[in-house]
Amino acid sequence: MYLFKRSNDLKKHLELVRKSNKSVGFVPTMGALHSGHLSLIQAAKKENEVVVCSIFVNPTQFNDPKDFEKYPITIEEDIKKLNDASTDILFLPSVEEMYPEGLQSGLQYDFGTLETILEGKFRPGHFQGVGRIVHKLLDIVKPDGLYMGQKDLQQCLIVRRLLEITHLPVKLVVCPTERESDGLAKSSRNTRLSPAARKKAVAIYQALETLRQNFGKGLHFLEGAHEAMDDLKAKGFEPEYLDILLVENGTLRHIDEPPGNHTVVAAVAAWLDGVRLIDNMVLQGSL
């Protein structure tokens, strides 16, 4: 596996790759890799001859500095996992490399209402930071395919909108959420849970699964969401949201009436043991 820390060096290498007419798949991460990330690597390998993974904990997408400081860093373990997964290239830049102009400057993107609900509502500025770093990485890597996980569904929709805004010729591939054996969505943040909280955390998946099973069976979906929110609170969670939304024309919107044949998802964010966990599940249709 090649490891690059400077964007110009990576660009020169990828120019040689393209001269050989090899396709490039790209998996951007913030490290603390788990099997969910590695499944994205495998998905990219199936469709491309060269796979690039980046590890960069992006400061501009953290609205809470304490959350940024606590984000797990496991570079040595990550490199071993990527080597074992036969990743071709790792891009491991510094903050100065990615933001030579400073953290405060940069483009602003029109993501519309997509950045005002769910994560956007509770993490102001988060998606502008996501847009900035993904735009920068795509300009460097220039991949044919970009591989992301459904666990970050709203982020995937933001990136899809970014590709429309920038007209970058990149195919976005959204891969299914990888889960633990008990259903908990795999996340780098799970490592920060205490053993007791880890056992409790599966309640998020169970709440979503209950909503999925009951959807369309007479129980009004908003009542079901309210009941699920109350149940999480009773179990010691501090939920920020548990919403049911319509996915339409690349965006999300709240619904208060039967959705017909449209795709419907339930999305949740909740604090447990000082760790913020998110998840989502398709209740109807497909993404």
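Biologist: Leaving aside neighbours within four places in sequence, which residues is Gln-155 in contact with?

Modeller: Quick caveat: this is a predicted model, so to speak, where local features need pLDDT of at least 70, side-chain atom pairs count only at pLDDT 80 or more, and totals for chains, interfaces and linings use all residues. Residues are numbered from 1 along each chain as its sequence is written, and side-chain values use heavy atoms, with hydrogens and water left out. Contact means heavy atoms within 4.5 Å. On that basis the partners of Gln-155 are Gln-61, His-126, Phe-127, Val-130 and Met-148.

Biologist: Is Gln-155 buried or exposed?

Modeller: Gln-155 sits in helix α8, residues 153–166; helices here are DSSP runs of H or I with at least four residues, strands are E runs of at least two, and both are numbered from the N terminus. Buried means under 20% relative accessible area, exposed over 50%, and partly exposed in between (1.4 Å probe, protein chains only). Gln-155 comes in at 18%, so the label is buried.

Biologist: What is the largest C-alpha distance for the "binding site" pair?

Modeller: The unreviewed UniProt entry puts that annotation on Gln-61 and Gln-155. They are spread over 95 residues of sequence, yet they cluster in space, with a largest C-alpha distance of 11.2 Å.

Biologist: Which side chain does the Gln-61 side chain make a polar contact with?

Modeller: Gln-61 lies in the loop between β3 (50–55) and α3 (65–70), and with a relative accessible area of 8% Gln-61 is buried. A polar contact is a pair of N or O atoms within 3.5 Å; within protein, one must be able to donate a hydrogen and the other to accept it, and residues adjacent in sequence count only if both atoms are side-chain atoms. At 3.0 Å, the partner is the side chain of Asn-58.

Biologist: Are α9 and α10 roughly parallel or antiparallel to each other?

Modeller: The axes of α9 (residues 195–214) and α10 (residues 221–234) come within 10 Å and cross at roughly 165°. Axes are lines fitted to C-alpha atoms, for helices over the stretch in contact, with angles from 0 to 180 degrees between N-to-C directions. Angles under 35 degrees count as roughly parallel, over 145 as roughly antiparallel, 65 to 115 as roughly perpendicular and the rest as oblique. The two helices are therefore roughly antiparallel.

Notes. UniProt positions renumbered as here; feature names shortened; annotations may be inferred.
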